[in-house]
Structure formats: structure tokens, C-alpha cells
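Good morning, everyone, and thank you for making time for this. Today I would like to walk through the pockets of one protein and the ligand that goes with it.

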Amino acid sequence: MPTRALRCGPHVLDLTRPRVMGILNVTPDSFSDGGRFFDRERALDHARRMLADGADLIDVGGESTRPGAAPVDEADELARVIPVVDALAREGALVSIDTMKPAVMRAAVAAGAAMINDVNALQVPGAMDAAASTAAAVCLMHMQGEPRTMQAAPQYGDVAAEVRDFLVGRAQSCETSGIARERIVLDPGFGFGKTLAQNLLLARALPELVATGYPVLAGWSRKSSLGAITGRDVDERMPASVAAALAAVARGAAIVRVHDVRETVDALRVWHAVEG
Ligand code: 9MG
């Protein structure tokens, strides 16, 4: 039986209905003037818009994890994300911090983040201890390789089984380290070291991941595999992203991570009305 509530610091996220995580990238290419000045107020306004549109939580990230993305220095990442986390948490939002770095995890939780979203599943030395020292929820994501090179030639025997076994292993390590099961979310990591065919196999096999009992988060929003299916550029992938979110929820995903909050929330409302 999947966990029906997620403990996130002082919050408890009821998972008896699907939840929407809005994506807030605070990188110079997202809210900036020609890529040079990061505009914090515009980022905060965007987060407030997503919350007004029905986002249940906001995922704040200061380091791009797109294929080919270069790593970001810890000091730069801290300077980007902490003021934003602090401002949103003070306004009562449930904030997730998207980071692989232990120091950023600790600082973000101290600033009010209630979830740690780690695309590296707490494998960086010190990350597990950092997460365990907090009361935040943790999202453990599967990735083959690292963002700079992960799409070069991803290879699996049985992609669904390998991803599931890896994630369950990481969840067990978390529990051994003192992170309660009620704080753990698993994520198959669509697009992270996976071809289109591998992503589709994973999507179809999502119920196997759900059957582990941990809540599952799915993030397909605007990703290149949706572009490969539809032939659309990244800024034209909203309908495809909404369809992908619904497909994930239909297979048991508890949380969907999306850019297009309003459209996803509407689609989920219709879904819920029909499904009962
Ligand atoms: C940061 N990030 C980008 N894509 C993601 C995904 O699919 N899942 C999670 N948890 N984080 C992601």
C-alpha cells in the first residue's frame, strides 16, 4: 500500500490526491536580463503565480541539470537559491530545494525548505548525512551518468527493474541513516541517462515502482523525449507535458513536477472529476 502522506519538515503533504510541484529555476538563463543579471523579484512573482494557480509545492533549483549543463560553484548556487527559498517559506509555501550539494541542502532547509530534491539520490559524500540531519522530505531520483554526458549512450538490461532496484536500495540506505520512510519519495528520472525508448518503458512500468510502497514523483515536463514524440520545440511542449503528467498519474504517480502549473492543475481536476 503506497504511503498516503509525506512528512516534509513541519508540513504533512496529503497524497490521497495527486500533487503538483511547480518548477522554479533560478539560473541566469531563466529570470535574467540577457543572461547576465538574475532578477529575484521576477522569480518570486513566478513562484507566487504557480502557487495561485494551484501548485502544492515549489521546487527551487540554482544549478541546471539539463543534458550538457555545466556544474555550478557552491557559493553561486547558495547565492541564487537561499534568498528565494527564504522568501517563499516565509510566505508559507512548501518549498523543495533541487540540489546535489550537502551544503546547499543544509542551508536551504535552515532557510525553510521542507523537501530535498536530489537528482543524484544523496550519493555525493555528505549528502545523506546532510539530509538525515534535517526533518525534510527527500526525493531520490535515478540518473545514469551525470548531466554533462548522460545522454551520450545510456544502456540498460531491464531499465524498469534496474531503476526500481537502485531507488529501493537508496531508500533503504536513507532509512538506515535515520530518514523515516514517511519522508521518502522515489523518482525514475525521465530523461536522465535514458533514450526515448527507455523513457517509454519506464513510464509503462511506473506501477512497478508504485508497488514498492513509496510515493512516486514523475517529471516529464517539456523534456526532449516529448519533443521527439511530438516534433515540438521546448516552448511548444505544454500539451505534451500535460498529457505526460496525466499518463504518470494514471499509473500511480503521487506528485508531478511541471512548468505549466495552471494547465496541469486543470487537467488533473477533470481527471479527478471523471475518475471519482
Ligand atoms: C531537477 N529535475 C529536473 N528534472 C527532474 C525530474 O524529472 N525529477 C526530479 N525529481 N528533479 C528533476
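Before we start, a word on classes: Ala, Val, Leu, Ile, Met, Phe, Trp, Tyr, Cys and Pro count as nonpolar, Asp, Glu, Lys and Arg count as charged, and the others, Gly among them, count as polar. With those classes, the lining of the second largest pocket divides into 12 nonpolar, five polar and three charged residues. Please keep in mind that what you see is a predicted model.

That second largest pocket holds about 340 Å³ of space, and, of the 20 residues that line it, the closest to its centre are Thr 16, Arg 17, Pro 18, Val 249 and Ala 253. Its lining takes two or more residues from each of α9 (238-250) and α10 (261-275), with α10 giving the largest share, three residues.

Let us turn to the largest pocket, where about 980 Å³ of space is found. Of its 43 lining residues, the closest to the centre are Asn 25, Arg 66, Ser 221, Arg 257 and His 259, and by class the lining has 13 nonpolar, 19 polar and 11 charged residues.

Where does the ligand sit? It sits in this largest pocket, and the shell around the ligand has five nonpolar, three polar and four charged residues. A nitrogen atom of the ligand is 2.7 Å from an N or O atom in the side chain of Asn 117, while a ligand oxygen atom lies 3.1 Å from a backbone N or O atom of Gly 219. Taken alone, the ligand exposes 310 Å², of which the protein buries 96%.

Conventions: Residues are numbered from 1 along each chain as its sequence is written. This is a predicted model: local features need pLDDT of at least 70, side-chain atom pairs count only at pLDDT 80 or more; totals for chains, interfaces and linings use all residues. Side-chain values use heavy atoms; hydrogens and water are left out. A polar contact is a pair of N or O atoms within 3.5 Å; within protein, one must be able to donate a hydrogen and the other to accept it, and residues adjacent in sequence count only if both atoms are side-chain atoms. Accessible areas come from the Shrake-Rupley method with a 1.4 Å probe; for residues, only the protein chains shown count as cover. On a 1 Å grid over the protein atoms alone, a cavity is a set of points where a 1.4 Å probe fits but cannot get out, and a pocket is an open set with protein on both sides within 12 Å along at least five of seven lines; lining residues have an atom within 4 Å of a point. A molecule sits in a cavity or pocket if more than half of its atoms lie within 2 Å of its grid points. Grid points are joined across faces, edges and corners, and a volume is the space filled by probe spheres set on the points. Helices (H or I, at least four residues) and strands (E, at least two) are DSSP runs, numbered from the N terminus.
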